[in-house]
Every structure is written in C-alpha cells, then in structure tokens.
Amino acid sequence: MQLGMIGLGRMGANMVRRLMRGGHECVVWDVNPDNIKKLAEEGATGGESFEDFIAKLNKPRVVWIMVPAGEATEKTVTDLSARLETDDIIIDGGNSYFKDDARRAQMLREKEINYVDVGTSGGVWGLERGYCMMIGGPEETVRHLDPIFKTLAPGLGEIVRTPGREKVKGTVEDGYLHCGPSGAGHFVKMVHNGIEYGLMQAYAEGFDIFHKANSEELPEEIRYDLDVADIAEVWRRGSVISSWLLDLTAMA
C-alpha cells in the first residue's frame, strides 16, 4: 500500500522505515531537505516540493502527518485540504487535542476528504518494537487503512494472552484499536499520556527519596546509602511495579 508521510523526525522517519520493511511504498516530505534525502537513499520516494509530494501519491491519496501538535499540525491539515480531493485520507498521528480532531473532521467532510486521528505510542523504539495505536475516524476509512496499521503495530509477540481473549475477535492483541469516531483515538491517547506522566512522576519521587536517604539531616541510625540503579534493576524482576517505563529508567 502507498502512503505519504509528512514529518520525518525520529518517530516519523522510523515509521517510514518500518512500513518499507513491510513492503509498503512511502512518499515522504519534510521541511528539512536532509531528512527527505536520507530516507530517499533508503528506498522512499522524496518530494522535491510540497506540490511534488502530493503529485507523486496515487489516488485516493493517503497522507500521514507526524508533526508537532498545535499550529504545525493545523497548518499542515489546512494546506493539504486545499490540495487533496474526494476520498483522499488525512491521518494525524501526533498528539492533537481531540476536540480539534472533531472540528477538522467536520471541515474535511464538507470537502469529501476523510480524516483519521491516531494516538501513536512507541517513541524511538517503535521501529523494532512496533507502535501501539489508538484510532478514531469513520469505520470504512479505518478498515481501508488496516494494512498500514497492521504493519506498524507490534503484533501479538511474546506477551502472555489475557485469559479469554482468544475468543474475542479484533485487532487489540496486535496493538491497535479503532476506538470510535473522530477524536476518539486522541482522546484515549490523552488519557494514556496522563497515566504515563503519572507513572514517571511516581518513579521520580520514589528514586529521589532513595537519593536523599543518606542525608545528614536524618538521624544517623536511619540513614541509608542506597544504590538506586540496583533498586531499579531488582524492581524489574518480579515486582508488581515493573513496567517498560521502569526498564527505560534502569537503562538511563
């Protein structure tokens, strides 16, 4: 399947690489020509200009936006809406506010352009691990994009299946979910990010307590010279608070 990617930062570029590994054709565009050149050398088709990028896409076009949320995304969607045509698809894979998704979807619907929001988790490790995706948008459009999502997703892998899940059909065990209509994907990702930041804050506060456990301000009999790295490592093995975030903390 062919896909155009706008935004070739660390996540966008690696998503292109994973898609190409999966046999998809990628046309790429970025404000930095060096980013385009690098991926073109790896097999992607680079756009010489924004207009050339669009011209190289087959109809109905599929364009994935991977740029910072806010003004950059808004401008990109607006620029695309002036150039795309009926049945083309815009995918916002960043961290847009879900209410903006609903507004953009309505605006694009009036032009008969489809809009899909994809909350994407996986960071720079997604190239090898795959990306967890929370998707919002019209069911038919999301179904059309399934080959893209399936390639980007982690797949079942070695994760132990939740009891009873083998009887449930769907894509969740592969690592992607159609959450609902426009905005639903980024709504779920917003809550996901809140949980992520809460976990990071909890780990940070805990390790800070350990770091200060040998303070001279404490009574000598309850001062502890603790090895924070060793504690992080032992927690990774069998602890109820083990997680991928803790794995990354231990590697830091």
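Predicted model: local features only at pLDDT ≥ 70, side-chain atom pairs only at ≥ 80, totals over all residues.
**Domains**

Start by colouring the protein chain by its domain assignment: residues 2–182 are domain 1, and residues 190–251 are domain 2. A distance drawn between the C-alpha centres of the two domains comes to 35 Å. Their contact draws on seven residues of domain 1 and five residues of domain 2.

Next, show the surface between them. About 520 Å² is buried between domain 1 and domain 2, and carbon and sulfur atoms account for 71% of that area. How many salt bridges cross the interface of domain 1 and domain 2? The count there is zero.

Over the whole structure, the search gives 19 salt bridges. For one of them, select arginine 21 and glutamate 128, whose closest N and O atoms are 3.2 Å apart. Arginine 21 belongs to helix 1 (residues 10–21) and glutamate 128 to helix 6 (residues 126–129), so this pair ties together parts separated by 107 residues in sequence.

**Helix 4 against helix 5**

Now select residues 71–81, which are helix 4, and residues 98–109, which are helix 5. The two pack at an angle of about 10°, and their axes are 11 Å apart. Why are they described as roughly parallel? Angles under 35 degrees count as roughly parallel, and helix 4 and helix 5 therefore fall in that class.

Show side chains for the contact. Helix 4 contributes Thr73, Glu74, Val77 and Ser81, while helix 5 contributes Arg103, Arg104, Met107 and Leu108. Sorted by class, the contact of helix 4 with helix 5 comprises three nonpolar, two polar and three charged residues.

**Two backbone details**

Stay with helix 4 and move to the loop between it and strand 5 (89–92), where aspartate 87 is located. Aspartate 87 is not a glycine, yet its phi is positive, at about 75°.

For the last stop, go to the loop between helix 3 (50–55) and strand 4 (62–65) and select proline 60. Is the peptide bond from lysine 59 to proline 60 cis or trans? That bond is cis, with omega near -10°.

Conventions: Residues numbered from 1 in each chain as written. Heavy atoms only, no water. Axes fitted to C-alpha atoms, helices over the stretch in contact; angles between N-to-C directions. Helix = DSSP H or I, 4+ residues; strand = E, 2+ residues; numbered from the N terminus. Parallel < 35°, antiparallel > 145°, perpendicular 65-115°, else oblique. Contact = heavy atoms within 4.5 Å. Nonpolar A, V, L, I, M, F, W, Y, C, P; charged D, E, K, R; others polar. Domains from an automatic or database assignment. Buried area = accessible area lost by both parts, 1.4 Å probe. Salt bridge = Lys/Arg side-chain N within 4 Å of Asp/Glu carboxyl O.
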